[in-house]
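Dear colleague,

My notes on what was found in it follow directly after.

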Amino acid sequence: MEQKETAVKRITRKDLWKCFWSQMFFELGNGALKEEAPGFVTSMVPIIEKVYDSKEDKIEAYKRHTEYYLSEGRAAGLNVGIAAAMEERLALQRDIEPESINAVKSALMGPLAALGDSIIHGTFRPLFAGIACSLVIASGYKSVFGPIMFVVIMTAIGFLVRYYGTFLGYSKGTEIIDAIQNSGLVRNMTHLAGTAAYLLVGGFSVGLVTVKIPWEFKFEETVVSFQSMLDGLCPGLLSMLLIGLMYFLMTKKKISPTFLLFACLALGIIGKYAGFLG
Amino acid sequence: MNYLFISIACGLLAWIAQMDRLMVHMFIYRPIILGPITGLILGDVSTGLEMGVTIEIMFLATVFVGTAIPCDEVMSTIISTAFAVAAGGDTSIGIAAALPLSVIGQIIRYIRSSTYHLWTNMQMEKAVARGDLKGMYFWHIVMPLIINLIVFSVPTFIAVYVSADIVQALINVIPEKLIDGIGVGAGMIGAVGLAMLLKSINVKDAWPYLLIGFFLSAFLNVNMIGISIIAVAIIAISIYSNQKNEKSKNRIALD
């Protein structure tokens, strides 16, 4: 009799799918005090409703997840999956401490945030956005193929991270925790993504940054433009130098990017009036 | 279509984009997407694309790290695209306005996370203590959606609705050469975005790849998809060589 009841209360793939869709509201309603904790609670609803019987147990479990939580919304799927596995074990076997659920969450939210922020938001998003931009520029601001590709790829990445996080987090929780905390997985992945990003930024430099010097020289009868001379030597040289200058000012001189954005606009206006940019 | 309805659609777009950032996260809140959508609503997709690209490059590397809220690109893109369309497709006024406008959304988001979302959170925790599922969903999903609809849509709607007048006033005041100069500056803004991206990635030994990418696009005119293919190849090569290194290390350890 008891065996049968346990089987009924086990989490199925269907429950994990419900849990997956609940995570669509993960970051909605996050406030400065508890950040994503309310999202964590609603994500756990399908799991907690399934594994606990009495109302007191359910309330106890929900309260547990109202503790402060802040991570990257998609990478957090792994944490939700692991928490689901732990809640199930606590409800059915009662052989883990309830506090350990929050301990695992607090231990993982930092590394997961670092992974999600640096790979999804720090690398993939700017890279695919940059590719979309250069496709739009190449089409003469006519084609919307680039933006559509951007949305499709980024949505797919987000959904895959969340799907594998939730499902693998549930089935192989502890192995994944070990992999994240012990090996250099986080460092390796960010390093590889960073390498690819450098290659692509080098590629963006010519298309996304335009600096032109309108000087012209007269040699007897022919007019030689300074810019075409420069392009003959090394196309896109000024763009690359400007990126280098901005990088230097940001890292070595600690000047804020917002200031530099305004400085660029100001330089453009001054350059136009003084005739050295155009 | 009546311009009132167009403005309302732009206001709703601001809400949808902000909620996408908090919900499904399909990245439609990025300027590269919002620009063309706003352009479509206003009947000028090409200007929308141009604004979207320029503002996207400005905010290319703003990463939401921890709790610090970066400049907000959503309202900035929608309103400044409306400015550009109102100026008859001349993007320079829109671009000049984009940066100051991005502060509005940032302020609203700060207010959101420190006032009314705190209130909805507290109400939600009360619902949790009662074990009230409907209450939890109401205070976590329904209520924030309603409040954010008002807070993000109304300012955007007003700004888009009066954009034609604002732009006309600006064109009357600002000399043409200044507007051209802003256009020149906007071309250089990309350098800040890309430098920010390099700074945030911060992989010290990757600088040779920067030169390779530059060489491929500047001298060989390889487009971005071509460069992405090479990037994938380089990642694959380094994964394989890492695996080989580890295997040979293990072999040495065994010997």
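Two helices, α3 (37–51) of chain A and α6 (116–130) of chain B, each contribute at least two residues to the lining of the largest cavity. Please bear in mind throughout that this is a predicted model. The residues that line this cavity are Lys34(A), Ala37(A), Pro38(A) and Thr66(A) from chain A, together with Asn121(B), Met124(B) and Glu125(B) from chain B. With three residues, α6(B) provides the largest share of that lining. Sorted by class, the lining comprises three nonpolar, two polar and two charged residues. The volume of the largest cavity is about 40 Å³, and the structure holds one cavity of 30 Å³ or more.

The buried residues of α6(B) are Tyr116(B), His117(B), Leu118(B), Thr120(B), Asn121(B), Gln123(B), Met124(B), Ala127(B) and Val128(B). Two of the residues that line the cavity, Asn121(B) and Met124(B), are therefore also among the buried residues of the helix. The buried residues of α6(B) pack against elements of both chains: α3 and α4 (55–64) of chain A, and α5 and α7 (133–161) of chain B. After α6(B) comes Gly131(B), which has a positive phi, near 70°.

Apart from its neighbours within four places in sequence, Thr91(B) is in contact with Thr47(B), Glu50(B), Met51(B) and Ala84(B). Ile104(B) is also placed in helix α5 of chain B. At 34% relative accessibility, Ile104(B) is classed as partly exposed. From Ile104(B) to Thr156(B) there are 52 residues in sequence, and their C-alpha atoms are 10.0 Å apart in space.

I turn next to the largest pocket. What volume does the largest pocket have? It holds about 1200 Å³ of space. Its lining consists of 40 residues, and those nearest its centre are Ile119(A), Phe124(A), Val161(A), Met189(A) and Ala193(A). At least two lining residues come from each of α6 (98–138), α7 (145–182) and α8 (185–208) of chain A and from α11 (224–254) of chain B. The largest share, eleven residues, belongs to α7(A). By class, 32 of the lining residues are nonpolar, seven are polar and one is charged.

One further residue of chain A may be of interest to you. Asp15(A) is part of helix α2, which covers residues 13–22 of chain A. Is Asp15(A) buried or exposed? Its relative accessibility is 5%, so Asp15(A) counts as buried. Not counting residues up to four places away in sequence, Asp15(A) touches Arg10(A), Pro46(A), Ile47(A) and Lys50(A). The C-alpha atom of Asp15(A) is separated by 50 Å from that of Met246(A), which lies 231 residues away along the chain.

With kind regards

Definitions and conventions:
Residues numbered from 1 in each chain as written. Chains lettered and ligands numbered in written order. Predicted model: local features only at pLDDT ≥ 70, side-chain atom pairs only at ≥ 80, totals over all residues. Heavy atoms only, no water. Helix = DSSP H or I, 4+ residues; strand = E, 2+ residues; numbered from the N terminus. Buried < 20%, exposed > 50% of the residue type's maximum accessible area, 1.4 Å probe, protein only. Contact = heavy atoms within 4.5 Å. 1 Å grid on protein atoms, 1.4 Å probe; cavity = no way out; pocket = protein on both sides within 12 Å on 5 of 7 lines; lining within 4 Å. Points joined across faces, edges and corners; volume = space filled by probe spheres on them. Nonpolar A, V, L, I, M, F, W, Y, C, P; charged D, E, K, R; others polar.
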